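Open your viewer and get ready to click along. Each stop on this tour tells you what to select and what you will find there.

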Amino acid sequence: MSLTPAVALTICAVLFAVGLFGALWRRDAAGLIASLAVTASAATMGLMSVSKWWGGGQGAGEVAALFVAAMAACQIALACALARRQPSAEEAGDEGKVG
Amino acid sequence: MPAIPLLAPETVLLAAGLAALLFELWMPDRHREAALVGACSALAAGLLGVLAGRGTVSLGGSVLAVDMAAQLARASVCAITALFCLWASGASGRTAVSGRAVGLTLASAAPALLAVAARDWLTLVVALEASSLPLLLLLEPPAADHASRTRLVRLVALSGVATMSIAFGVALLLASGPASGVLPAGPLSIAGSSAGGPVGWLGAAMVLAGLLAKLGTAPFDAAARPAFVEAPSSAVGLVSSLPRIAAAVGLARAAEALAPGIEGSGAILYAIGAASLAWGLAAALTERDLRGLAARSGALNAGILLFALGLAGPSGLRAAVFFAVACAAPLLGLMLVASQEGPVLDVVRGLWHRRPVAAVALAVFALSLVGIPPTAGFLGRLYILAGAWKAGATWVAVAGIAASLASAVPFGRFLRASFSSEDAARRAPEVSTPASVAALAVLAAVTVLLGLAAGPLQAVLGLRLP
């Protein structure tokens, strides 16, 4: 089976659906972060596919995919940091303190 | 006088945010000074934005255009940021705001300004995410256990999935329609997008769903609520205001571009709006925590916003932007009062007797969120619902009015409690400082003045009562 635009976008759509299901269904931090990574992969692949078959050589899709991948990395890093952080004893006493 | 660059406000905010973070590193005890510097910087950024006027900038493939609606939204973002920083400079004790929080707020406001002016998908998506991500960090409860951390991680993950939904939706839109290929409206231009065929419709639906999730529409508010009720109230206020203004403008631009190509788009937007109103109202009726009410108000306000987008055309876009601003200011104000006094119903009881300014401010904010005149919330609803009535969508106007009146139940509960004479057991309130009182007073005054500004809004924005 050769990779046609329809096949590529279908794979991306299935990947996105899997990631979305995981994000809605999972209740543990690891599962949620993994689901986020899967949806990010789908979005990145979708933009790359569009650039390959519809981009006309302008490279806009590749640039967008780079930015989306960077964003996903920031989101995953933030989620991992929140999942692992242990509050200090001083922070534990400040109920309404922000930051 | 030399021309002020269009991106001067963003530059000022980013520089101020960096300065606040450095304050935190070198002088962690000087968080009030950091907040004051932040307030002055945000005010300066707002003034620069007004003086820079309207225009278009093309920067490395990114297209930014500031029109009248974008100018209003940008000024509002700067004003809200400045007032939050002013309040933070007076906050102390258990409600203290660190220099890190001020820095993150300023760092979030800068991309919000970009998102509001964005005319290409990539800038919109990246700026929207950059404006919400730093603020999600502030939602971290100080004494969090594993379960509450997981709830916050869930909110971050779902916010990220919403962004990816927008990105993937844009890919499908590009696959379905021809690229315009004409600069400055390049292949990622929002205005040049069209939803052709089933692939395009799916793409448009994914973009719409992602933007609605950023706005806190139903059912996405259900994911936000568990994290909100455990977070500091002032952080909830920020998350409920700044990124939502940016998301509302982004949604308006996307709808303006995509709706004409989809048959029955007006009816679809009305239906989603009505569903969001019904869901948000049903969930809000039993709320006894102001933070939970902030989460549900996302669904309620998004419903009215969708009615504005269903009107279509430039007037619908302007009404939607004004309504987003009219919701953001009182919501932030309400959360700042909750931060000082306590977010739970029992703690707010008797507020009028111990702090009358905060009680009056709470009343003004609550009345605006319900849509009672003469507040900004009332005028915002009037533009939209009167427009729907005139356009023949009578049921939309009736639904909007009914939902607004019904939303008086949960907000009225807090109003009644704050003016009641019962002196329930509560925490000892923090001492009010002039800065925090001034911030609340200005927010309340702006909420009322915007509600009385029909004439100036007509002259400046072209908003007319039909």
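The tour goes from the interface between two chains to one residue in each of them.

Before you start, note that this is a predicted model, in which local features need pLDDT of at least 70, side-chain atom pairs count only at pLDDT 80 or more, and totals for chains, interfaces and linings use all residues. Residues are numbered from 1 along each chain as its sequence is written, chains are lettered from A and ligands numbered from 1 in the order in which they are written, and side-chain values use heavy atoms, with hydrogens and water left out.

**Stop 1: the interface**

Colour chain A and chain B separately. Here 45 residues of chain B are in contact with 46 residues of chain A (contact means heavy atoms within 4.5 Å). About 3900 Å² is buried between chain B and chain A, with 75% of that given by carbon and sulfur atoms; buried area is the accessible area (1.4 Å probe) that two parts lose on being put together, summed over both. Now select Pro142(B), Met164(B) and Phe168(B): they supply 17% of the area that chain B buries against chain A, more than any other three residues.

α4 (99–117), α5 (121–138), α6 (146–176) and α9 (233–258) of chain B each give at least two residues to the side that touches chain A. Which helix gives the largest share of that side? It is α6(B), with 19 residues.

**Stop 2: Asp120(B)**

Select Asp120(B), in the loop between α4 and α5 of chain B. Asp120(B) is buried yet has no salt bridge, and the nearest side chain of opposite charge, Arg119(B), is 9.0 Å away. Buried means under 20% relative accessible area (1.4 Å probe, protein chains only), and a salt bridge is a side-chain nitrogen of Lys or Arg within 4 Å of a carboxyl oxygen of Asp or Glu. For charge, Lys and Arg count as positive and Asp and Glu as negative, while His and the chain ends are not counted.

**Stop 3: Cys12(A)**

Finally, move to Cys12(A) in helix α1 (residues 5–25) of chain A. Why does Cys12(A) count as buried? Because its relative accessibility is 0%. Leaving out residues up to four places away in sequence, Cys12(A) touches Ala42(A), Met45(A), Gly46(A), Ser49(A) and, across in chain B, Phe168(B).

How values were computed
Helices (H or I, at least four residues) and strands (E, at least two) are DSSP runs, numbered from the N terminus. Buried means under 20% relative accessible area, exposed over 50%, partly exposed in between (1.4 Å probe, protein chains only).
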